[in-house]
Structure formats: C-alpha cells, structure tokens
Amino acid sequence: MSADLKKSSSNGSEKSLINEEQQAKISEIRRLIGPLPEKLAIYCSDAAIARYLRARNWNVKKATKMLKETLKWRAEYKPEEIRWEEVAHEAETGKIYRSNYIDKHGRTVLVMRPSCQNSKSTKGQIRYLVYCMENAILNLPADQEQMVWLIDFNGFNLSHISLKVTRETAHVLQEHYPERLGVAILYNPPKFFEPFWTVAKPFLEPKTQNKVKFVYTDDPNTKKIMEDLFEMEKLESAFGGNDDSGFDINKYAERMREEDKRIPAFWTKSEAPPEPMPTSSVDLNSFDSDASDSGKVDGSASHVSDSEGLISDKSVLVTKGSDNGNGSKELLY
C-alpha cells in the first residue's frame, strides 16, 4: 500500500486516503530505518509505518524512534515464531482467545476473561498475549487494521490484578502494537471502573475515548452497543448473544494448530516496496535510538492516543493465578 493506504475509523468501516504530506513522512521513516532483513521489511509496510505515525501524532522523529524499538524487539523476541504448543497451557481456561465470529465491520475479536487466570508466570502470560495479538492480526481482512476486544468481567475482583504483569502488558501493547484497537467492550465491569474512567477520560483524545464502551446486562440502553457491532445469532450468550456453545479448549487447540500452518507464508509475502536486503545479519544495535533521538518521547502530553492512552488509564487487567491454579485472567484494557 502507498497512496491507497487506508485508515480505519472508530467504527471500522470508513476509509480515508493518506495525503501527500503523510505519504512523504512514511517515505522519510522508511529512509531513516534503512534496509532490513525479510521479515522486518514485510512488517514495515506503509500501513504499519502509518500506525506508528498516528500513534505519535505524525511526528517523524518520535514515530521513527518508536518503530526502531519495535524492530529491535521483534528481532529478539521473534513473535512470529511462537506456536500453539508453546503457549497451549496458558490457554486452557479460555482467559484469552480469538472468537470464531467477527464484528459487522470484519474485525477479528479477542475475548478476554480476567477471572480465568491459570498461571503465575509473567513470561508465560506475556508470551501468550503476544501469540493472541499476532493471531488476531493474521486473521484481519486486507482492508482492516484493527481488532475488537470483548472483556468479560464476570467473577472479577481486585485480587485478580497483578501489577507486574499489568506493567509488562502495558509496555508490549503500547510500544509494539500501536493503533491496533478498534473498540474495547468492558462487559459488566465493577462499578469502580466508571469513576476512574471519568478521571482518565480528559487525558485521552476523543477518538480513543470513543473506543471504550461500558456495557451492562441490566442496562437496556447499552445492549444496543452490542447489537450495532455484532450479529446476535453468532455472539456468545455470555455477551448477550444467542450462541450457547461456549469455549472448548480441544476445538480451539485444533483450530490454532491449523492456523499456525499459515504463519510462514504470511511472513514471506512482502507488501513493502522492494528494497535492497543486507547481505549479512543486521546489527540489533542499529535499531537503538540515534543521537538525534536521544531525547525521550514525552509521555506527559495533555492527550495520548489509542492503546497508549488505554494502558495509561490502568483499565488494563492482568490477573494472578491462585494457589489451586484457578485464579483469574490476564489482562487488558
């Protein structure tokens, strides 16, 4: 994509063309990043660079710094190499999974249940989160960049929050998956969430504010939010829909194993413009911030955007496992 690069709106359906000035900024970042090995070159499509620019309000210097840090992280962490068998134990309780339905705008849906955590391993929980994010992105249609989070707070309480995992979760989502959230549905959240949201809301851009929706089963007015977003026949009954099938770990495992087979092809089809590839491996240190980027990105701006803002509002919920392994779930805004 280049001149036809599209930006998803808050409802996921409208598209707008990148203008010449924005395209020039994308090209400038591509020049500053330089040649990359194949997988990282594929990652740096025009659409991806535009997400980093939007996350930094189209500031080239800040967006370049952010993207370089992601490239270094991807080169070291290798998220595209995570496979189901490595993280399957984290998924057993259905704490996070990709639904078998999409919303009316074609966006993939991640279901999250903060009361289903089954692990005390911060490393394991983050590894599984990254696997789920990569899988959700893999299943996005070509004209869509964002996903939906359905967060079921049934059974949730403060004991389910792990500050350590929350910090790690916030860092990964904020720094390495910018502009990936289309809408977050907080389904039956505890009442203490709304006062906190009232305090945090002024610090967020309007587009980010509009992505967070509070829905309660005892509030007929909020039911329309679900009806506007989903086909109720396909939506799980836990979220007011008509599908009673529920989460089945065995069926889900089979589905994920099949989808894992698609990953290698995804990372060998480049949508980025042809660029000379280095003849030797790239020095990871080359992704460190340049001297010109030595100033830290200002995190105290009056407004923050997208996943960055949602994380800083601390609605990210990561849970800690109980001694008997039936604790709560891990995460998210």
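A residue counts as buried when its relative accessible area is under 20%. By that cut-off, 6 of the 6 residues of strand β3 are buried in this predicted model.

**Strand β3 and its partners**
- Met147, Trp149 and Ile151 point one way from β3, and Val148, Leu150 and Asp152 point the other way. All of these residues are buried.
- Strand β2 (residues 109-112) runs parallel to β3, and 4 bridges join the two.
- Leu110 has Trp149 of β3 as its bridge partner.
- From β2 the chain passes through helix α6 (residues 122-138) to reach β3, in a right-handed β-α-β crossover.
- β4 also pairs with β3: the strands run parallel, with 6 bridges between them.
- Val148 is bridged to Val183 in β4.

**Helix α10**
- Thr222, Met226 and Leu229 are the buried residues of α10 (residues 220-229). Viewed down the helix axis, they fall within an arc of 70 degrees, so they line one face of α10.
- These buried residues pack against β3 (147-152), β4 (181-187) and β5 (212-215).
- Pro220 and Asn221 are exposed on the other side of α10.
- At the start of α10, the backbone nitrogen of Asn221 has a side-chain oxygen of Asp219 within 3.0 Å.

**Lys95**
- Lys95 sits in the loop between α5 (84-87) and β1 (96-98).
- Lys95 counts as buried because its relative accessibility is 0%.
- Its side chain makes a polar contact of 2.3 Å with the side chain of Glu90. Another polar contact, of 3.1 Å, joins the side chains of Lys95 and Asn118.

Key. Residues numbered from 1 in each chain as written. Predicted model: local features only at pLDDT ≥ 70, side-chain atom pairs only at ≥ 80, totals over all residues. Heavy atoms only, no water. Buried < 20%, exposed > 50% of the residue type's maximum accessible area, 1.4 Å probe, protein only. Polar contact = N/O pair within 3.5 Å; in protein donor to acceptor, adjacent residues only side chain to side chain. Arc of directions from axis to C-beta. Contact = heavy atoms within 4.5 Å. Pairing = 2+ DSSP bridges. Right-handed = clockwise from strand over helix to strand, strands pointing away.
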